[in-house]
Structure formats: structure tokens, C-alpha cells
Amino acid sequence: IRDSFYLQVTTGVARLRRPVGEEAARGGILADEMGLGKTAQTVQFLSSLASEWNVTGPFLVVAPVSTLGHWEREVRAWSQLDVVTFVGTRPNREAVVYHEWYPGGMRTKAEQPRLQVVVTSYEALRADDPPPLGMVKWRGVVVDEAHRLKGIDSATRYSIDALYKEH
């Protein structure tokens, strides 16, 4: 079973790396049954961007609160990327920004955080005004449970669209 899972992961990563031209600008979608390694495939893809193309982030993962711990564990298990979870009360989120993103505090607005992967919830994405997540130039954004973006007027879709991102 382990070899089968590994094959599933490497196949998914290869598919994510394939888009070119206009298709690449729209990103990629992984969709299959639960438990088939979509999280591991996504983390391996981000890891390959860092190791093969020197695109080291920062990457944002937006997911349901119940899966944030799983995402953080998978990033640690499947990559060498630094990861932090950005959730909790406003003082907790501010502490993460001050101590983890910008040790000693952000010095300029253009300064990029030292972290490579930030995992957050849909709620934390919309929590602050101005949102600290909106001040970062994200090299890529991963949306887990993307069906939450379906409605053109959904708050989640608006929050994702408002991010400063490349992909």
C-alpha cells in the first residue's frame, strides 16, 4: 500500500507541474476521494518549487479549522519548508506576525516574511482589518475545500481575490 500511495503522490505532483501558458495562470486542481493524498501531493509540489526552481515562498494554505493541524504535520513530514499556523485570537495572530513572520517586527511594508508556508483558516483570513495576510506577496495560494469559492459574492472568494498573489 505504501508504494501505491507514493505512486499516487508523485503522479499528482507531476500533474500539478504540467500546466503551461494560460492554463498555468489559473493554477491547478486536485480532486479525488478522501484519503488519496491530495495534501501530500500539494506539499510535495510546493517543496519541488522550492528545491527545483528556487521559489521558496511564501505560500499560503487556506483550509477549514479542523484540518489546520493536519496541514502543518504534512508540511513537516513531506518537505523541508518552514511552516506556521496563523489562527486564534487577534493577540495570538499578532504574536505570530511579530515573532514568526518578521522576528523583531516588520521594518518595511515591502519586507517579505521569513516563513515559507503559512497555514490559516477561512475565518482568520477575514478576521483583521487591515488583514496582515493581505500585506504579503504570496508566491502561491492553496485553497483546501475550494467549493467555498463557488459563489461569486462569497466572502471567502472576495478575501482570496483580495490577496496579493502570483498564483
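Colleague: How are α3 and α4 oriented to each other?
Modeller: They're oblique to each other, because the axes of α3 (residues 38-53) and α4 (residues 68-78) cross at roughly 50°. The axes come within 9 Å. On the terms: under 35 degrees is roughly parallel, over 145 roughly antiparallel, 65 to 115 roughly perpendicular, and the rest oblique. The axes are lines fitted to C-alpha atoms, for helices over the stretch in contact, with angles from 0 to 180 degrees between N-to-C directions.

Colleague: And what should I keep in mind about the model itself?
Modeller: It's a predicted model, where local features need pLDDT of at least 70 and side-chain atom pairs count only at pLDDT 80 or more, while totals for chains, interfaces and linings use all residues. Residues are numbered from 1 along each chain as its sequence is written, and side-chain values use heavy atoms, leaving out hydrogens and water.

Colleague: Back to the pair: is the crossing of α3 and α4 left-handed or right-handed?
Modeller: Right-handed, meaning the near helix is turned clockwise from the far one by less than a right angle.

Colleague: Which residues meet there?
Modeller: From α3 you have Thr39, Ala40, Thr42, Val43, Gln44 and Ser47, and from α4 His70, Trp71, Glu74, Val75 and Trp78. Contact here is heavy atoms within 4.5 Å. Sorted by type, that contact has five nonpolar residues, five polar and one charged. Nonpolar covers Ala, Val, Leu, Ile, Met, Phe, Trp, Tyr, Cys and Pro, charged covers Asp, Glu, Lys and Arg, and the others, Gly among them, are polar.

Colleague: Which α4 residues are buried?
Modeller: Leu68, Trp71, Glu74 and Val75. They fall within an arc of 125° seen down the axis of α4, so they line one face of the helix. The arc is that of the directions from the helix axis to the C-beta atoms. Buried is under 20% relative accessible area, exposed over 50%, and partly exposed in between, with a 1.4 Å probe and protein chains only.

Colleague: What do those buried residues pack against?
Modeller: α3, plus the strands β1 (59-63), β2 (83-86), β3 (117-121) and β5 (140-143). On the other side of α4, Arg73 and Ala77 are exposed.

Colleague: Is Asn54 buried or exposed?
Modeller: Exposed, because its relative accessibility is 60%. Val136, in the loop between α6 and β4 (137-138), counts as buried because its relative accessibility is 0%.

Colleague: Last one: how many helices and strands does the chain have?
Modeller: Seven helices and six strands. Those are DSSP runs numbered from the N terminus, H or I of at least four residues for helices and E of at least two for strands.
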